[in-house]
Amino acid sequence: VAATQPSTNWHLKENAREHHTSKFSSDELIARRGQGFTITFNGTERPEQNLVFIAETGPKPSKATKTLATFDISSTASKEGWSAVLQSTSSNSVSISISSPHNAVIGRYRLSVQSGTSPPASLGTFVLLFNPWSSGDDVFMPNKAECEEYVLEEFGIIFAGNKNRISGFGWNFGQFQGDILNICLSIMDRSLYYRQDPVTDVSHRHDPRYLGRVLSAMVNANDDQGVVLGNWSGKYEGGKNPSSWTGSGEILQSWKKSGFKPVKYGQCWVFAAVLTTVLRCLGIPTRTVTNFSSAHDADGNLRVDEFYDADGNHLERGADSVWNFHVWNESWFTRNDLGPSYSGWQILDATPQEESGGIYQCGPASRYAIKEGEVDLDYDGPFVFAEVNADCMYWNYDSATGKKTLIFSKSTEIGASISTKAVGRDDRVDVTSDYKYEEGSAKERDIFKKARKKLGLEDKFDPTAPTQDEIEQKPDISGKFKVASSLEVGKDLNLLLVLENLQSDAKTVNVKMTAWSTLYTRRPVNEIWKDSISVTLAPKEEKQFPIKIKYPEYQQQLTTDKTIQVTAVCHVEDGIQVLVQRNITLDNPAIDIQVLGEAKVNKEVVVEVAFTNPIDAEVKDCVLQVEGSDLLQGILELRIPPLKASEKSSTKFKLTPSEAGPKHLLVNFSCDKFADIKTFKMVNVIN
């Protein structure tokens, strides 16, 4: 009898509930490895006799690469390989529970069945993912609340601003929406690794360490026509300003729609957020982490050099830099290559900063290894260690003579307030102590020395024993900038320069001051203001000098990062220069969301968004962008008429929630004077 094509019931609802995949909207079974799923099929004669199942994935399935498994019916599920256990039979159908091993390759599988000598008959396809709920899996996460947050939660908060003033904005990861799973599978099939050797690449897809590294390369467009193209120029023609995105869905969908051309443009939080979406989608627990005063040490000497001219302008010399903040990822998995103490959170960074192994990828670096200064362990330990620990050297550079003079060095500047979102709450958690021992402690300096030694730097420049032109003299005065009013876009900026004479004789000081608008990477973009003063300080005297930068002076120059670097170079007569600087991040005006009435599944509810124009000029080109998983499909874009000075606008729109539970609505408001004012609101949807 010729085998008729069996019809398969995949029991989608029941299996998805068991496998924590109910949030996917798919008519294909999505299962997690190391756990059984039940299928029922008919069309086989005498079903319980000699049935053989074939599960295969990738372009050239084979048993040797563990991309092909053949297995017959057994009495119990196997711990080692694939297995099929008979659940029940009737006259013309059979129910089977199929289990995969804990270390199965993830991806889309083809399943077929063979009865006796007849040719195999296809049962269909299913997708297999990592399983953080299963204790045998490399990504096993014992805490269920953490599984919920780091795999199943579609909303996140990304921290930004600067270490003096941390702010957070919402992001819609959207890993279960629409076609995102298929897009994530096609990202894997477009990597350089797959293109060079598809068979080997697919056979490594059981390993979160391998996939994390490959995907950190694929999320940026460098090398491989990956998902997002970075742009740190301050000019974003031909694409979207990185700060205007509110979720990963739009980015991943655009990448696919354009025929896999990189999406313009991203900066660090965009790369980190997209990587979070992809890894959570595949079942690897992942979160975004923000490091404030983050070092980009281009030459691997664990120190960052910054140069200023005599007028206080920040010069772009050398490839080192310090960013106000930098966002990367942590993913949770075991490190069988390093040993048990190095398992747990692993750092991955998809922002293209430095090449690793010839391409722009970074990690996984064990967080424990970074804290212990074990920078020689795979992968990219020195770069990540420097991001949170580098010493900072500030130089005066004379372009006429090429001479550089050390102004001062600081070993406690880098790696502050390392932040991530709390589990189950919309709050910030500080994880700095998981990255390093307390700043200034002997242990922290010991670890720094250990890392230098492992990198062969112990005989090179050591901040504690500088060479002749690097000797740090003791300054005669000290200075700092104090903020004297609220820091808001649209308001004048009021600062105080505080200078103190540390000596017991009077000092004359010539001060040259500048203010530049910058990117969040502290890259100078436009000069806003400059001034110079000459002051005499009596012995031990402290004086304050008010500085006012008016809104019209900075309004045209401000970048969408809303950051300004203020610098004063103090030339002390017969003494050494003192550099005073402060990085300021301005706050946008507030925007308010109200949900009018109760949010119920499949019922319309009205939402009102209110904004008051805070400046005494008209604002125009106002656009409101709204998104939120399970609250609305895609992105809603609303145009708003111009607003006169101090005028309030109120915009109403309707939502129809599709699923119950706590959901987040994200709003982004832009106009010609204010870019990307973001806010979010938790909406509790009931059945």
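This is a predicted model: local features need pLDDT of at least 70, side-chain atom pairs count only at pLDDT 80 or more; totals for chains, interfaces and linings use all residues.
Colleague: Is N389 buried or exposed?
Modeller: The cut-off for buried is under 20% relative accessible area. N389 has 4% relative accessibility, so N389 counts as buried.

Colleague: Which residues of α10 are buried?
Modeller: Of the 9 residues of α10, 8 are buried, so the helix is largely enclosed by the rest of the structure. N389 is one of them.

Colleague: Which residues is N389 in contact with, leaving aside neighbours within four places in sequence?
Modeller: Contact needs heavy atoms within 4.5 Å. With those neighbours left aside, N389 is in contact with I414, K436, E444 and F448.

Colleague: What is the largest C-alpha distance among the UniProt "binding site" residues?
Modeller: The unreviewed UniProt entry lists N389, D391, E439 and E444 under that name. They are spread over 56 residues of sequence, yet they cluster in space. Their largest C-alpha distance is 12.3 Å.

Colleague: Is E439 buried, partly exposed or exposed?
Modeller: E439 is found in the loop between α11 and α12. At a relative accessible area of 25%, E439 is partly exposed.

Colleague: With which side chain does the side chain of E439 make a polar contact?
Modeller: Not counting residues up to four places away in sequence, E439 touches S411, T412, I414 and E444. The polar contact, at 2.7 Å, is with the side chain of K436.

Terms used
Residues are numbered from 1 along each chain as its sequence is written. Side-chain values use heavy atoms; hydrogens and water are left out. UniProt positions are given in the numbering used here, feature names are shortened, and annotations may be inferred rather than shown by experiment. Buried means under 20% relative accessible area, exposed over 50%, partly exposed in between (1.4 Å probe, protein chains only). Helices (H or I, at least four residues) and strands (E, at least two) are DSSP runs, numbered from the N terminus. A polar contact is a pair of N or O atoms within 3.5 Å; within protein, one must be able to donate a hydrogen and the other to accept it, and residues adjacent in sequence count only if both atoms are side-chain atoms.
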